[in-house]
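Subject: Handing over the structure, with notes

Hello,

Here is the structure that I promised to pass on to you, and below it you will find my notes on what was found. Please keep the structure open beside the text while you read.

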Amino acid sequence: MKFPYTLFTLFITLSSFCVAQDQSISSPHIEKQLNMLLSKMTLKEKVGQTCQITLDVLLLRDSSGTVIEPIRVDPKKVDEAIIQYGVGSVLNVGWHSLGLDDWAHVMETVHGVYKNKKSKTPIIYGIDAIHGVNYTVGATLFPQEIGLAATWNPKLAKQFGEVTAYETRASGIHWNFSPVLDLGRQPLWSRHFETLGEDPYLASEMGKAIICGYQGRKGVDSEHVAACMKHFVGYSNPKSGRDRTPAWIPEKYMQELYLPTFKAAVQEGALTVMINSGVLNGIPGHANYHLLTEVLKEEWGFEGFAVSDWEDFLMLNTIHRTAETTKDGIIQAINAGLDMSMVPNSPQYQEYCTLMIEAVSEGSISNERLDDAVRRILRVKLILGLYEKNLNQAKSYPKFGSEAHQKTALNSALESITLLKNENILPLKKGQKILISGPTSNDLIFLNGAWSHTWQGGISEFNTVGRKSIREEIERMAGKENCLFSQGAELYLNETFEESRIVDSEDFKTKAEQSDVIILCLGEYPSTEKPGDIRSLNLNPEQIELAKLAQATGKPVVLILVEGRPRIIREVVEKSSAIVQAYLPGDFGAEALGKLLYGEENFSGKLPYSYPRYDGQIEFYDHPRSVDRDNSNEFKGYDPQWDFGYGMSYTDFEYSDIRLSNNEMNEGDSIVVMVDVTNIGKEDGKEVVQMYISDHFASSVIPTGKSLKAFKKINLSKGMKKTVSFVITKKDLFFIDSKGEWIIEQGTFSVNIGNQIKTFKLN
Ligand code: BGC
C-alpha cells in the first residue's frame, strides 16, 4: 500500500526549529503598504529596484581608475545610480575588509539618499558574511560552514547566526548572502567547505538553525539580518568538479537530496534566495522556470525575493547560450522567476536598466511579473525596517568582537575539529619536544580559507590582529623552548592552480631528530569559486612526500588537516600516529586545536561527509546496496577512509539496550526508539547519537542503504549513562518512486544507533 504525498508535507511542516510554521513572512499591514508603494512607482523606478550593483561602482577613484584608500563613496556616482537609475540594491565586493568607521561612512552615504528624500525607496545592502562578518575588521570569525556542520550542534549553529547577524548590523548591513544550503556531494568542488556536508537531514537542521540565528525568533529587529539561501539549486554537484559547470541530478535525487535543505529553509522563513549560477540537467539555473517559479514560489509558497548570482543574466547569453542577446538573457531570467539581478558593474547597470525598460514596454516581460518582483523586494525591505528613516542609527553594538562572541567562535571550533585516528599519542604531554611543520602551520590564512578579509582569503596582511597560527598557539601552549619549527613544504598558486613544493628537507630532518613528536600541518591554499578549481582530489604529491619523510624519521607524526575538501591521504594514514581534521576552523582554530591536542578539551566533532580513500571512488554513506555488491574488498564500492558521522574522543561511549515502543507501525502510528549511552572511558565527553533507518526491500525503486533521520549531541561525564530517545514517524520512511512521487511501502525496516540495531514492520 502507498501512502499519499500530503502526509509527507504535513510531517515536514511540523518539524520546525525556529518560526511558527506555515506563517507568512508578511502581514496584512505590510501588504497594504506594498499596494500603496507600488501604485506610486514609475516603470523606471520599478526596474531600478530589480538592479543590484557593487559598492565598487560607487567609490571615488584616482585619475588612473584605482579606488582611493581609505575608501570614500562618490556622491556623483550615488546620484547617478540611486537617484537617476533608481538602483535598489548594493552588494559588497571583497577586495578587503573595512573598519566600522568606513562602514558607517558607506552606509550613511548609501542610505542618505533615501533619508534625505532624494529617492522614494531605501537601498538594501548585501554582503557575504559567511563565517562571521569576514569583511569587517575586528569581527568574530567562525569555522567555515563545513566545520560548523561537523559540530552536529544546531544550538551552536544558531549562536553562530546570532553573533554574525549582530556584527553584520554593527557594520550597518541588513542582508547576508548566507547560508549555503547546497549539498556537499562533490568533494572536488571548490566550495565544498561552504556547504553543510553530504546529508540532507544534517544540512537542513543546521541550515534552519543558522537562519533562525540570522533572522531572529521574533522577526528581524536591529540585531538581525535577512538570510539568503544559496544557491538554488544543484550548483554543488558539477559533474566535472569545476565550479559553475553542469550538474546532472535525476528528479528522484533532486527531491530526496538536493531540494529538502531549501524547502526546510523556506519553511523557516528565509527571506531571500540566490540562484545557481551553473546548469542543472541542461537548464541554466537562472532560466529554470519550473524550479524558480513552480517549485520555489508556487508549491513552497516562498514570498521573499530571488537574487541572481554574479552577472548571470549576461551568462545566459555569453556562457550558457540560451539567450541570443543580453536583453534576451534578462527576459529569460526575469520570466523564469528571478526578481533581482546582480548586475553588478558600470556601465552594465545602465544598460541593464535600459534593456529591462524596453523589455517591459514591448511586453516581453509583463507588468504583472515586474510588479511581482518589485513587490517581493519591497516586502523584504519593509520587513527589515529599511523604510524607517533613523535606521537604528542611535543603536550602538557594544558586543561587536566581544569576548562573549569570541567564546562562541572558540566553542564552535572546539566542537567541530574531528579526531580521525589516535594511537596513544594524543593528548600530548607538556614537556615533550615538538617539531611544528607543514605548509598550513605558520599562517592564519590557512585556518580561515576564502571569504576572509578578501574574496579568496589569501592575504596575510589582513589577518585579524591577535589571532594565532597553529605554530604560534602550539609554541604558546608547549613553551617556545620546547618547540622547533621547520616549514617542510609550502603551498602556492601556479597561475590559479594550487601547487606545493618541499622546502629545506635537511632542516626538517635535523629538527625531527631533536624532537619527540612531529605536528605536521597539511592541507589547502585558501580559494573558492573558479580560482579554487583543482584537477585531482589527491593531496599534492609534495605534501604526501613530506608526510612520508616525517614518518621515515621514526618519530610519532600527528597529522593536522587544514582543508576545505577531504583530500586523499591514503598513503600516509597507516604510519601516522594521529590524524586530526581541522577543516577551516577560523580565527580561533589554532586556540581550539591547542586545547584539544593537549587534552584541555575533548574532541566531539564528527565528519559531515564520507572521507574518500581513493579519488576514483567517491561514494556516500547512504549508497544503495548495489554500490557494494558484497562486502569483499574486490566489490566494495563504498570504501571510505572514514565514514560519514565518524569522529573519535578521548573517552569511550558504549551503546546498549536499544528498544522500540512497538515492533510494528500501523496507520497514524509512531514508534519511540530508546538507547542507553554510557561514558565508559576516563574523560568527560560529548557524543553525537545518530539514528539511521534502512528499508530492507522496496519494490518500486531500489531502497537506499541507510539514511540519517535524527541526531542528538549529548554531554556525558565519565561513568555516566543517559537514555536517548527518538520518535520514528511515517515521514522517515518516505522515498521517491519511479514516477517521481513520494510514497512509502509496507515491509521491514532497520533502525540503527551506534552498534545497536532493531527492526520493525510497517503494516
Ligand atoms: C558567488 C556568491 C556570492 C556572490 C556575491 C558570487 O560569485 O557565487 O556565492 O554571494 O558572488 O559576492
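I begin with P70, which is found in the loop between β1 and α4 (75–84); helices (H or I, at least four residues) and strands (E, at least two) are DSSP runs, numbered from the N terminus. The peptide bond that leads from E69 to P70 is cis, and its omega is near -10 degrees.

Before going further, please note that this is a predicted model, in which local features need pLDDT of at least 70 and side-chain atom pairs count only at pLDDT 80 or more, while totals for chains, interfaces and linings use all residues. Residues are numbered from 1 along each chain as its sequence is written, and side-chain values use heavy atoms, with hydrogens and water left out.

Strand β1, which covers residues 51–54, pairs with β10 in the parallel sense over two bridges, where two strands are said to pair if DSSP finds at least two bridges between them. Within this pairing, C51 stands opposite S341 in β10. Both strands belong to an open sheet of five strands, with parallel pairing and the order β4-β3-β2-β1-β10. Because β4 (175–176) and β10 (341–342) stand at the edges and have a single partner strand each, one side of each is left without a neighbour in the sheet.

Another parallel pairing, over three bridges, joins β5 and strand β6 (residues 272–275), and in it F232 has I275 in β6 as its bridge partner. Strand β5 (residues 228–232) is mostly covered, since five of its five residues are buried; here buried means under 20% relative accessible area, exposed means over 50%, and partly exposed lies in between (1.4 Å probe, protein chains only). F232 also takes part in a cis peptide bond, which joins it to V233 with an omega of about -5 degrees, and V233 has its place in the loop between β5 and α9 (251–258).

Which value does phi take in Y583? Phi of Y583 is near 55 degrees, a positive value in a residue other than glycine. Y583 sits in the loop between β18 (578–581) and α21, and at 0% relative accessibility it counts as buried. D504 is likewise a residue other than glycine with a positive phi, near 45 degrees; D504 lies in the loop between β15 (497–503) and α19 (505–513), and it is partly exposed, with a relative accessible area of 47%.

**The ligand**

Around the ligand there are 13 residues, of which D128, R191, H231, D309 and E529 come nearest; a residue counts as near if one of its heavy atoms lies within 4 Å of the molecule. By class, this shell has six nonpolar, one polar and six charged residues, where Ala, Val, Leu, Ile, Met, Phe, Trp, Tyr, Cys and Pro count as nonpolar, Asp, Glu, Lys and Arg as charged, and the others, Gly among them, as polar.

An N or O atom in the side chain of R191 is 2.8 Å from an oxygen atom of the ligand. For K230, a polar side-chain atom lies 2.9 Å from a ligand oxygen atom, and for R244 an N or O atom of the side chain is 2.9 Å from an oxygen atom of the ligand.

**Salt bridges**

How many salt bridges does the structure hold? It holds 43 salt bridges, each being a side-chain nitrogen of Lys or Arg within 4 Å of a carboxyl oxygen of Asp or Glu.

One of them joins R467 and E591, whose closest N and O atoms are 3.6 Å apart. This pair links distant parts of the chain, 124 residues apart, with R467 in the loop between α17 (445–448) and α18 (470–478) and E591 in helix α21 (residues 589–597). E591 counts as partly exposed, at 22% relative accessibility.

Another salt bridge brings together the side chains of K721 and D676 (4.0 Å, N to O). K721 lies in strand β24 (residues 721–728) and D676 in strand β21 (residues 671–679), so the pair ties together parts that are 45 residues apart in sequence. K721 counts as exposed, at 52% relative accessibility, whereas D676 is buried, with a relative accessible area of 6%.

Finally, K297, D339, R369, D372 and R376 are linked in a network of salt bridges.

With best wishes

Key
Polar contact = N/O pair within 3.5 Å; in protein donor to acceptor, adjacent residues only side chain to side chain.
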